[in-house]
Structures are given as C-alpha cells and as structure tokens.
Amino acid sequence: MIELLDLHKSFDDLAVLKGISTQFKPGRTNLIIGASGGGKSVLMKCMVGLLTPTQGQIIYDGRDFHKLGNKETRDVRREIGMLFQGNALFDSYTVEENIEFPLKMFTDMTPAERRERVDFCLEQVHLEGINAKFPAEISGGMKKRVGIARAISLDIKYLFCDEPNSGLDPVTSRVIDELLQEITEEFQMTTVINTHDMKTVFDIGDHIIFIYEGNKWWEGKKSEVRTADNPELKSFINASYFE
Amino acid sequence: MQIFNHFGTYLLFLRRMISRPEKLSVYWERTMLEMKNIGVGSLAIVAIIAIFQGAVTTLQIAYQLVSPLVANPVIGSIVSDSSMLELAPTITCLVLAGKVGSHIASEIGTMKVSEQIDALEIMGINSRAFVASPKIIAGIVMFPCLIIISIFLSNVGGIFAGYASGILTPDEFIQGARESFLPFNLAFSLIKAFVYAFIITSVSSYHGYKTEGGALEVGSSSTKAVVYSAVLILFSDYLLTQLLL
C-alpha cells in the first residue's frame, strides 16, 4: 500500500500540490484524474522519487520514502515499475534487451533464465515473438505494452503509469486498460495511473482521486463518479465528453 | 556569473557520477561498446586529418626554409616534432570535440528529453554514472591510441608530400625525425590526449544530461558541448604547455 500524507510541492513561489492525503491499496487500479496543469504529473513524480516534496510523507508499506537512506531508497525503487507517457524505451536496445535490462542489472539470472523471463513478460502483454525488433519498428500501442513488460520484468509491487493511453486509438487504449487491470489483479500490485481519459475511469477505476488546482477535490469509485455532486468534477467529466 | 554556476553544476555532476556500479559486467559491456564507437568510429576522420596535416606542414616548412644552409632533414624534424607536440593532439582533438562531443551530448540529451534517464533513475540506477562513465573511460583509453596513430600518419603524410614534390627524400625525412625525437615529447602528447579526452567526454555528457525540453534543446546542448569543449581544449593546451615544456 502507498500512503500520501499532507503532500505539498512548490517550485519557488508556485504551489503545485497543496496538501494531498490518500491511500493507494494493492490489487486495485488507482486513478489520478484531473485537467492538464492540475498537478497530476508532479504528484506522480514525487511518488516515484523524481521530485522531492516540499512537505509531507509518501509511505510505501510503512517506509517513509523520502526519509530513507540511499540503500533503502534503492531497495524501494527496485519494487517500482513505471510506464511513461512517451514509453521511455531504450532506442538502441531491441525489445528483448529492453525487457532484459532490469534483470541484467539487478539479478544474477543466467542468460537462459533471463530469456525465459522476457518471454514470460511478453506473453503477459500478448506480444510474443517480437524480441528482436527495435522500438522504432513497432507501433505506439506495442511500445506501451513493451513498456509494461519491462516494468513488470522484476517482481515489482508498485506500478505507476503516466497517461498510458495518450496518443493511442480507442481500441488500443481499451487493450492497454484491460492489460493493466489484468496484471494488477494477477500480481496484486499497487497500480497508480495518471489519466484524463474518462473511458479509462469508467472501465478500470477501482479507486479514483480527482486533483484540482493542486488539491484533492474528490475521491471515490467509478460507480460514484457520475453521481458525484462536485461541480469541478462534473465540469471535468462533461468537458471530457465533448473532446 | 553564469560561468561559475556552470562550473559548479559540472563539478556536482562529476561528483554524483562517482558511485559503485550496480552491475560491473553491464558497465564493462557498455564501456567496450563506447570504445568501439569513440575509437574505431573516429579512426577514418583521424587518419584523413593526420595525413593531410603532415603533408601540408611539410610543404609549408619547406616553403619557409628556403636557405641553402638548412639541411633537408631539418624539415623532417620540424614536421615530426610539431605533429607530436601540437598538431596531432590539439587539432585532432578539436575535430573530435565536434564529432564525439556532439554525438555524446545529443545521445544523452535525447535520452533525457524522452524520459529514458528518468526510467533509469526510477529503476534505482545512478543515471549519471550509467550514461557518462563508460563514455569518459572509453575516451580516456581511446584518445591516446588515436593520437599515436595520428602522429604516425602525420609523418607518413609528410614523407609522401616531401617525396611527391621533390623537396626531400623519405630517408632525409626519417633521419630528421629520428635525430630530433625525444621520448618526453611523446609523453607530453599523450598527457594532452588524456586531458582533452576527459574534457570532451565529461563536458559533453554534462551538457547532454542537463538538457530540458525537446529536439531544439538537444541541438542547442550539442552545440554548447562542442563550443565549451573546444574553448577548454585551447585553454588547457596553453596551460599544459606552460607547465610541462
């Protein structure tokens, strides 16, 4: 479980996060929704350690992330996988080498064991047989799935996804959403997804927080989103339908 | 003031780069690959520059030493010494600052703007060490090798130009080069190559790493890497010559 306690983040005088507290539980797809510029990406960057919060705590199963020593921080980071908006696959590596990379860095697996694990991960994301291709040779949706495969190649406990559906067609978006829900349930991971895609919200939103101007404006489940009487959330949902 | 800011962040970049490798075998593999890219990949341009540099220097020295009192082997000795002391290390490294430096800065810059560096950080990898240290080590090992090749080919170019133009025979050139040869000159040349290699690879890695934005900024980082490296090479050239000669 990931717990956020009174999280603040400012850049000089600009307060981007203004005291966010919530819990992301394992085995559920936790969504962070909100308009662009609302603080979603900053929140996620604080959670994965790319930014340091100005105030507040991020607790990974009892471990206060930003107060850990170097070794402990590295240990937590090795339990984290992330799917980036732009995939962040290594251009000069093949699909197999991309997925194999964390295994090579952090395990003592033999090449045969690594290959077996790569095949298993590719199977999980329904992409068998593309091991030798380079990222430039596969489609956007396939790149996302390779990104997921790389993220889960180590036995991670926390999966973060930044706009996993951006730039994808509706069918591929659906495939990615289903895939994320599937692996979250299967591996009982704590999955946190940044999105402004309402289809994702209604399809896989087990737990949703709505961020508005740096504050947690609303929190609930997908079944409660439509009936929520929060005006900003309503306006966000209505605007999404007209996109 | 900005220059001090840059220098400070450059030193911090180098300091944060120093850490125990997460997996030595992966770093070793990357260093070997960089040696191939930087060393073998630069061989052709180094060879072309060295041959023409030696040939042109021979012709110009002969043009300036018109006195019948100056023996022909003197031309060989001047060409060979100036190749070793200045032309091969400095000119070659200035060209390599363009080729290798811009490549390093744009590669790391692209990794930065496409979130590949963030991906490394999230995995718990020291991204500075991972992207920069193999390049710096490869540069420090390969540049002196390239400079030795450059010195040799520069003399070959000189011999060829002297012979083709009828100014001096290959034997006269070699006699002059051998008579004036000092082992310290070669050591000085290799010290220069070592220093320039560190400047080019580390400055370019630094500029690549601090790229923020998109394709335009990658281009700008690449240009800055070349300009800063070239200026620092010239500055350290003066400093090393003053200190060691």
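Visitor: Which residues does A:K40 touch, not counting those up to four places away in sequence?

Guide: A:K40 touches A:I32, A:G34, A:N194 and A:I211; contact here asks for C-beta atoms, placed from the backbone, within 7 Å. Bear in mind that this is a predicted model, where local features need pLDDT of at least 70, side-chain atom pairs count only at pLDDT 80 or more, and totals for chains, interfaces and linings use all residues. Residues are numbered from 1 along each chain as its sequence is written, while chains are lettered from A and ligands numbered from 1 in the order in which they are written.

Visitor: What makes A:K40 count as buried or exposed?

Guide: A residue is buried if 20 or more other C-beta atoms lie within 10 Å of its own, exposed if 12 or fewer, and partly exposed in between. A:K40 has 24 C-beta neighbours inside 10 Å, so A:K40 counts as buried. A:K40 sits in helix α1 (residues 40-48) of chain A; helices (H or I, at least four residues) and strands (E, at least two) are DSSP runs, numbered from the N terminus.

Visitor: Why are β6 and β10 of chain A said to stand at the edges of the sheet?

Guide: The open sheet in chain A has six strands in the order β6-β7-β8-β3-β9-β10, with mixed pairing. Strands pair if DSSP finds at least two bridges between them. β6 (80-83) and β10 (215-220) of chain A each have a single partner strand, so one side of each lacks a neighbour in the sheet.

Visitor: How do you know that β7 and β8 of chain A pair?

Guide: Five bridges join β7 (residues 158-162) to β8 (residues 190-195), and these strands of chain A run parallel. One such pair is A:C161 with A:I193 of β8(A).

Visitor: Why is α3(B) called oblique to α4(B)?

Guide: Axes are lines fitted to C-alpha atoms, for helices over the stretch in contact, and angles run from 0 to 180 degrees between N-to-C directions. The axes of α3 (residues 43-64) and α4 (residues 73-113) of chain B come within 9 Å and cross at roughly 140°. Angles under 35 degrees count as roughly parallel, over 145 as roughly antiparallel, 65 to 115 as roughly perpendicular and the rest as oblique. α3(B) is therefore oblique to α4(B).

Visitor: What makes α4(B) and α8(B) roughly parallel?

Guide: The axes of α4(B) and α8 (residues 183-209) of chain B cross at roughly 20° and come within 8 Å. Therefore α4(B) and α8(B) are roughly parallel to each other.

Note on methods
Contact = placed C-beta atoms within 7 Å.
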